[in-house]
Amino acid sequence: MYAQLVETGVKRLKTLDEMSEQERAFQERIDAEIKIEARNWMPEAYRQTLIRQISQHAHSEIVGMLPEGNWVARAPSLKRKLQLMAKIQDEAGHGLYLYSAMETLGADRDTEINKLHSGKAKYSSIFNYPTLSWADVGAVGWLVDGAAIVNQVVLQRTSYGPYSRAMIRICKEESFHQRQGYEILLTMMREGNQAQKDMVQDAINRLWWPSLMMFGPSDEHSPNSAQSMAWKIKRQSNDELRQRFIDQTVPQLELLGCTAPDPELKWNAERGHYDFGQIQWDEFYEVLKGNGPCNQERVATRRQAIEDGAWVRAAAVAHAKKKANKNAA
Amino acid sequence: MSEWTLFEVFVRSKHGLNHKHVGSVHAADAAMAIENARELYTRRNEGVSLWVVPSALITASSPDEKDPLFAPSEDKIYRHASFYELPAEVGHM
Amino acid sequence: MNADLIQYLLRLGDSAMVQAQRLCQWCGRAPALEEELALMNVGLDLVGQARNWLEYAAELADDGRDADHLAFRRDERAYRNLLLVEQPNGDYAVTILKQFFYDAWHFAVLQGLVRSSDARIQGIAAKALKEVTYHLRRSGEWVERLGDGTEESRQRMIAALPLVWRYTVELVDADAVEQRLFQAGVIGNLQQIALDWQAQVEATFERATLPVPQAASHFYLSGRQGVHSEHLGLLLAEMQSLPRAYPDATW
């Protein structure tokens, strides 16, 4: 999940009886699966929650360019270079689709980006882990994009129209990302030498647990889930999505001929699902707080890009004004 | 405050179709908005033509006016061809 | 004849590849999010073109090396790219000037190549010309914006110009290989390419209110001959690191 632990500012769900007439009409609209559009009335907490969630999601796409960008100059063949460049470019694009959806709520993109740069806004914890080998590029595509897709497919039905439409577009485009990642790993496992195979297993060992953390804490530790679900901003619980991801990923893992760093991972015929071990939530909260391996570098890189580019953006504005004045004269 | 202007983007996906709203871009001027829209919304061959309009220049109907604006057309069924019953001998018209 | 053609294909392919590699180095660091997409698009076009040129070169050379081998295993002395494109990115003024000078040259060259007597070249060039027409439009507009933008952007452009300009001599100064290919009808008129490049630079610089320097003069280095500046070796060391470290590996 690209947006984790989104604060709703609502501690307890209101019943329909407790709502004002406007609130009730709004909730009934949502219950009837009618999309909320930018100019519809909405509770301020709904608007703020969406701004937080969509901006977090957008920040994740943009910061998510960096771990893969770490390898784009070192992609090992022309084909792999083209694929990776196209994928990173999509991520920038998806960030922009999402900022665009966010701006329909009256939020300002530059203001929200400043919150990212000052450390106030969150983004997905997964991008605070380093990419240490080419196999990481494959594992990020397969596991990280795979986890994101599980979440995003559900978000296509989210209640806010512009967000839902952005998700539909993103899901359509992202279908190649996970396949690209898996194919990188499969090629290394099937046609590669021992060093390459070791790289793949090492990448999975490092990225497996952080990928499972992407879905956010268990439902009983997600204080904001109930309201987000009632508003249908969120459509399924963290645990349900995590289980779905594990169930679909383990057979792919076996096909690779690799293992997960989880001795408790095994099929439970009774449940019809895979059982898995305990996630280290301490690590998750530490990374989210800013103490992950790469938090400082990621935010610093993004901040510096925008600061260093200030004169470029200002020049474009100044030139546009000069040109407009010339045309008016 | 944003440094660049917000533009709404409309894409004609095929010849013969209307331009359709797809989202927005930021740009310093309209020419840059067209280019940014091209990079963002037509990476996969989605378009044959683009429009960009500064978002601030769009006037939209208010949702509060939904009934006065749109409900009156609901019962004007005589505007639809299926309202008119003709004998079968007339054939397709 | 084949030797000349292979040399020339390597020049086209290597320049596109090295220019794209420099663009990759902007990834996540561009001055605006919109520019991330734009720079990567140009880079994607150029890697695609490099692949086409190098594949053709590999077929003609027929020595067991494929396009990937040519891109990822040749040493800097065997690389035939323009000196201009291997220069470090510097600030956005340097990056845009490099891109613009390269695009203006590339556009003129491709206009000749679409009429090549070699059908394969014609085909590759026709596709590339569409892409490069857009690259040139974009970089030309940025030269204008930065040249005639704010006082700071103008000063940065004026400071960037001498860093880049000296390498433009290769864009307008044909060598014997190119002369022979022109006479054989394989590539366009070299004088025309030089004139078109000069005209494009003058027109854009006028709109950008920037002074056009005196024509650059020839000096010791020549990318086309494989005598590069010190920057190329480091660029290739990064780009080629995996195929070099694991020579028998499939990726």
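Start with chains C and A, which bury about 4200 Å² between them, 70% of it on carbon and sulfur atoms. Buried area here is the accessible area (1.4 Å probe) that two parts lose on being put together, summed over both. This is a predicted model, in which local features need pLDDT of at least 70 and side-chain atom pairs count only at pLDDT 80 or more, while totals for chains, interfaces and linings use all residues. Residues are numbered from 1 along each chain as its sequence is written, chains are lettered from A and ligands numbered from 1 in the order in which they are written, and side-chain values use heavy atoms, with hydrogens and water left out.

**Stop 1: chain C against chain A**

Select C:Leu33, C:Leu44 and C:Trp251: they supply 18% of the area that chain C buries against chain A, more than any other three residues. The contact (heavy atoms within 4.5 Å) takes 47 residues from chain C and 50 residues from chain A. The interface also has four salt bridges; the term means a side-chain nitrogen of Lys or Arg within 4 Å of a carboxyl oxygen of Asp or Glu. To look at one, pick A:Arg302 and C:Glu36, whose closest N and O atoms are 3.6 Å apart.

**Stop 2: chain B against chain A**

Now switch to chain B, where 21 residues are in contact with 21 residues of chain A. About 1800 Å² is buried between these two chains, and carbon and sulfur atoms give 46% of that. On the chain B side, highlight B:Glu3, B:Arg43 and B:Arg44, which lose the most area to chain A, together 29% of what that side buries.

Five salt bridges are counted between chain B and chain A. Zoom in on B:Arg43 and its bridge to A:Asp90, with the closest N and O atoms 2.8 Å apart. That pair runs from the loop between α1 (30-41) and β3 (49-54) of chain B to helix α4 of chain A. Helices (H or I, at least four residues) and strands (E, at least two) are DSSP runs, numbered from the N terminus. Both B:Arg43 and A:Asp90 are buried, where buried means under 20% relative accessible area, exposed over 50%, and partly exposed in between (1.4 Å probe, protein chains only).

A:Glu173 sits in helix α7 of chain A, and it counts as buried because its relative accessibility is 4%. B:Arg43 is at 18%, so it counts as buried as well.

**Stop 3: the largest pocket**

Which residues lie nearest the centre of the largest pocket? Select A:Thr104, B:Glu8, B:His21, B:Val22 and B:Gly23, five of the 46 residues in its lining. A pocket comes from a 1 Å grid over the protein atoms alone: an open set of points where a 1.4 Å probe fits, with protein on both sides within 12 Å along at least five of seven lines, and lining residues have an atom within 4 Å of a point.

About 1600 Å³ of space lies in this one, a volume being the space filled by probe spheres set on the points, which are joined across faces, edges and corners. Colour α4 (78-103) and α7 (161-191) of chain A plus β1 (5-12) and β2 (19-27) of chain B to see the elements that give two or more residues to the lining. The largest share, seven residues, comes from α7(A).

**Stop 4: the second largest pocket**

Next, go to the second largest pocket, with about 350 Å³ of space. Its lining includes A:Phe26, A:Arg29 and A:Trp41 from chain A, and B:Pro63 and B:Lys66 from chain B. Helix α1(A) gives the largest share, four residues.

**Stop 5: inside single chains**

Back in chain A, select helix α3 (residues 65-72), which is mostly covered: seven of its eight residues are buried. Among them are A:Met65, A:Trp71 and A:Val72.

Also in chain A, A:Glu23 and A:Lys14 meet in a salt bridge (3.0 Å, N to O). A:Glu23 counts as buried because its relative accessibility is 19%, whereas A:Lys14, at 43%, counts as partly exposed.

Finish with B:Val90, in the segment after α2 of chain B. Draw a distance from its C-alpha atom to that of B:Pro72, 18 residues apart along the chain, and you get 32 Å.
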